[in-house]
Every structure is written in structure tokens, then in C-alpha cells.
Amino acid sequence: MAGGRYLLLLAQEHLDFRLAEIKSLLSLCGGRFSNQQEIHVNSPFWILDISSEEMTRELMKRTVCAKSIFELWGHGKSAEELYTSLKNYPVERMLPYLQSDSTYKIGIHTFNKTLTQVEKIRKIDALEFLPFGGKVNLKKPEHVFWILEDYGMDPNNIPEDPLHLYFGRWIADGQRELIESYSVKRRHFIGNTSMDACLSFIMANHARVKANDVVFDPFVGTGGLLISAAHFGAYVYGTDIDYNTIHGLGKASRKNQKWRGPDENIRANLRQYGLEKYYLDALVSDASTPIWRKGMLFDAVITDPPYGIREATRRTGSQKEISKSTEKSTENHVFVSSNYHLSDIFFDLLKFSAEYLVMGGRLVYWLPIYRPEYTEEIIPQHPCLKLISNCEQMLSSHTSRRLLTMEKVKEFKDQDQYSHLLDSQYMPYKGHNSFRDKYFSGVTKRIAKEEDDNQK
Ligand SMILES: C[S@@+](CC[C@H](N)C(=O)[O-])C[C@H]1O[C@@H](n2cnc3c(N)ncnc32)[C@H](O)[C@@H]1O
């Protein structure tokens, strides 16, 4: 099927993550996002040039940011402009879908306005000039066409007429239903920091996870990020410093439940979704001292490192450090631990990924940000990794976290371990270390609680 212009209808959620998702998925499907395409990043309607209809279907099998895709037959800033545009669309491209022995239906989708049934019918009737040959079938049509109307972004100032109108043939829906079917609310094993389902799928998409990949999460927690990777057919592996988390012991995170029940573990989570065959293992291990033999082992590293807000940042400690800080509790169980500074966490994570990712493999992780101090220079760098995208999720007016996607572009050589000593641009930024203090400083209890609720 020939390529052409397609209309992507996006969900108005996680706006900052959408472009990176669509770009990553297009490249995963063998396509390319052309910089020529003019899109308004915050709009729910994007017109894209995609090289084949098959590619649009592949894209929609993966995206959680987009709702649907349509073959665009016409568009304009007024009804007249839309009709003129439709009259100019090549008839030979329409005819296969308008045959006399076919059935069809026309729907209307509006953004920022609700139309009455009478208004909808009037707009559908106005398309009579199109050479529809088939029969209308509202229940099970072979072909579905849509009028899509955009009434702008301001709910307090809705114009009488739409600002943009589109007409197209529906091709496929995206994977928005995964957000509900994988909701942590109904997940067997959860923790305080279990990653929200939608963001987990976005992360797997930014990482371009594909079937038979091996995906690793060094800060695995309850395995939220393994689940989305396994859903896309990757074999998954994780480590966590917390014995109780890996073994499903200790206090439960659910209200009305004191202790974790039997089988509350990552394997059982994967089993819940029919994904157990993709589970390689999860072990108790400290990310600051990797346990792996040398070699490029992972297709993707996807992780949410601890920031010290809802969980401690720890690593196994030396004897000297034991006397300073020994942690034993029933809730979190790390035998001996010392503080693991955020700047070291990110430095180690990049070095680990540079060494253990396959070429072209991706690292996707969250970086906490104190917004007043944010500049691009504080984004951790490594000579073997190229920054692909940097998307912000606000946590409060002064804090956020950024989802960073990096791709391995250069083979790791022994001297790359010491790159930070040779080149100041790879020096870890120490300001990350005080994120916890800044997070709580000057934040009233009320604001802290709001942020807490936002993260749930
Ligand atoms: C933000 S949570 C990850 C949550 C996870 N994405 C999920 O869906 O449940 C960070 C995890 O890192 C673990 N952790 C902290 N320090 C660590 C270290 N040095 N090595 C490995 N894991 C560590 C914590 O025990 C915690 O489970």
C-alpha cells in the first residue's frame, strides 16, 4: 500500500513524551520522522508523511500516546477549504474504499466542543459530493470515515466554527487500552514507587523494545518496567538491593494489608499478564557494583533509579561505613548500606549502559530535577551514549523529573571508564546530590502531600 499523508489523533496526556514516542516507534518500524513535517506539538492532531500504510499499522500496534490514525483525504481551516481539499484528493485513491459492494460509516470527532446530533448529521450530509458507492452500515461497516474538528485548546474560549477540519479513512487505533488493562490498581505485587502503566509503556517505546530483546532494569523494585518490556516480547531481567522486594517479603504497600502475601513477587506479576515466559530472573544486587561478565549483553536498559524521596538511595557499604550507617528494618531489607549519592548513581548507570548495551541499544531512565537550577548542562553524559530525547514530567512548581533516552553510538573501550577525568563535559554534576534537600526545603506539608498523591 502506498505511503502518503496521515492524520494522527493523540491523547492529551503526557504531552511532552509524545513526539519522542512517535519518533522512536517510526524508527523502530524502519521509517523516519521527517523534520519537514509541521506539527504543533501540543495539538491532538498531527499530520505526518509516512512511507506506507503498513508502517502506520505497525506504529499503532505500539503507541500509547496516540489514539487513532487516518489516511488523510482532506483538511482545511474552514468547511469550504476542507471541501476544496477533498475535491483535489486523487479519486483513484478513494475508489477502492467506495465500491458499490462495500459498506461504510462516517463518524465525527470533535476536540474542545460537543455537537448536537442534528449538527453532526448536517456535517455528514454536506459530504454528499464524495463518490460514495457502497451502503451505509452503522454496526459493522467495512470502511469507516471520520470528520475531525479542532476547536482549539482553550476551554474558556470555544469558537463557533472549528479552527481546523480534517477528513480521513480510519486505519487503526493505538494501544490506549493497555493503560487500563495493566493498571497498578489491579496488579498483584506493587510497592510505593511502582511505575504507572502508561509511563512504563512510554519508556519501553522510547527504548524501542522489540520481540526477543533482552531488557535489564538495575533498580527493578516491583518490576513495573519489566512488565511493559515483556508485553512487547522482550526477555526481562532485574536487580534490586532490597532483599525483601526481590523475595516479596516484608510490609505490603496496599492499604488494608499489613504483610506481603505468598507469591507477591515480580514473577507473579508477569504471570498475571500471561508474560511469565519472558521472565529471566531478578536478583538481589547492588547497582554500584555490577555482577556481569564483560560483553554487550542488553538490548535496552530501562530504569527508575531511587531519588531518596520515597525510598532510600543506598549501596552496600565498606566495614568503615558500617559503623556510620547500618540499616535493618522489616520494611526494606538491605544488610549493610551506605549512602549512594545521586550523582554517582547516574554516573554508574551511564557507564554501565555504555559497557553492557549492544550498539544502537538504548538507556531510558528518569532524572529528578530541581527546576530553578535546570540547564541542559546538568544532563549526565558519556562519550559512548548520544542523547535522543529529554522529556519533562512536572512534579510541582519547582521539581520535576526528566525521562532521558540515550543510544549507544560508540563501542566501549577501557579508557572510556576514565573519560570524566580527561574531559570536563563528562564530569558528574554534583548538584544532583542535594535534590532531596531541595525537594523538601520550603515545601509545606500540604504541597509535599500533593506531590505524593501525584506520583501515585
Ligand atoms: C524508584 S524504585 C523502582 C521502582 C520500579 N520501577 C517499580 O516499578 O516498582 C528504585 C528501586 O531501587 C532500589 N535501589 C536503591 N539503591 C539500589 C542499589 N544501590 N542497587 C540496586 N537497587 C537499588 C530500591 O530498593 C528501589 O526498589
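Q: Which of the 25 residues around the ligand come nearest?
A: In this predicted model, Phe-219, Gly-221, Thr-222, Gly-224 and Ala-287 come nearest to the ligand among the 25 residues around it. The shell divides into eight nonpolar, ten polar and seven charged residues, and helix H8 (224-231), strand S9 (235-240) and strand S12 (314-316) each supply at least two of its residues.

Q: Why is Ser-27 called partly exposed, rather than buried or exposed?
A: Ser-27 has 13 other C-beta atoms within 10 Å, whereas a buried residue would have 20 or more and an exposed one 12 or fewer; the value lies in between, and Ser-27 is therefore partly exposed.

Q: Where is Ser-27 placed, and with which residues is Ser-27 in contact, leaving aside its neighbours within four places in sequence?
A: Ser-27 belongs to helix H1 (residues 15-28), and its contacts, once those neighbours are set aside, are with Arg-32 and Arg-208.

Q: What makes strand S10 (279-284) and strand S15 (385-394) edge strands?
A: Seven strands form an open sheet with mixed pairing, in the order S10-S9-S8-S11-S14-S16-S15, and S10 and S15 are its edge strands because each pairs on one side only. From one strand to the next, the twist averages 15°.

How values were computed
Residues are numbered from 1 along each chain as its sequence is written. This is a predicted model: local features need pLDDT of at least 70, side-chain atom pairs count only at pLDDT 80 or more; totals for chains, interfaces and linings use all residues. A residue is near a molecule or strand if its C-beta atom, placed from the backbone, lies within 6 Å of it. Helices (H or I, at least four residues) and strands (E, at least two) are DSSP runs, numbered from the N terminus. Ala, Val, Leu, Ile, Met, Phe, Trp, Tyr, Cys and Pro count as nonpolar, Asp, Glu, Lys and Arg as charged, and the others, Gly among them, as polar. Two residues are in contact if their C-beta atoms, placed from the backbone, lie within 7 Å. Two strands pair if DSSP finds at least two bridges between them. Axes are lines fitted to C-alpha atoms, for helices over the stretch in contact, and angles run from 0 to 180 degrees between N-to-C directions.
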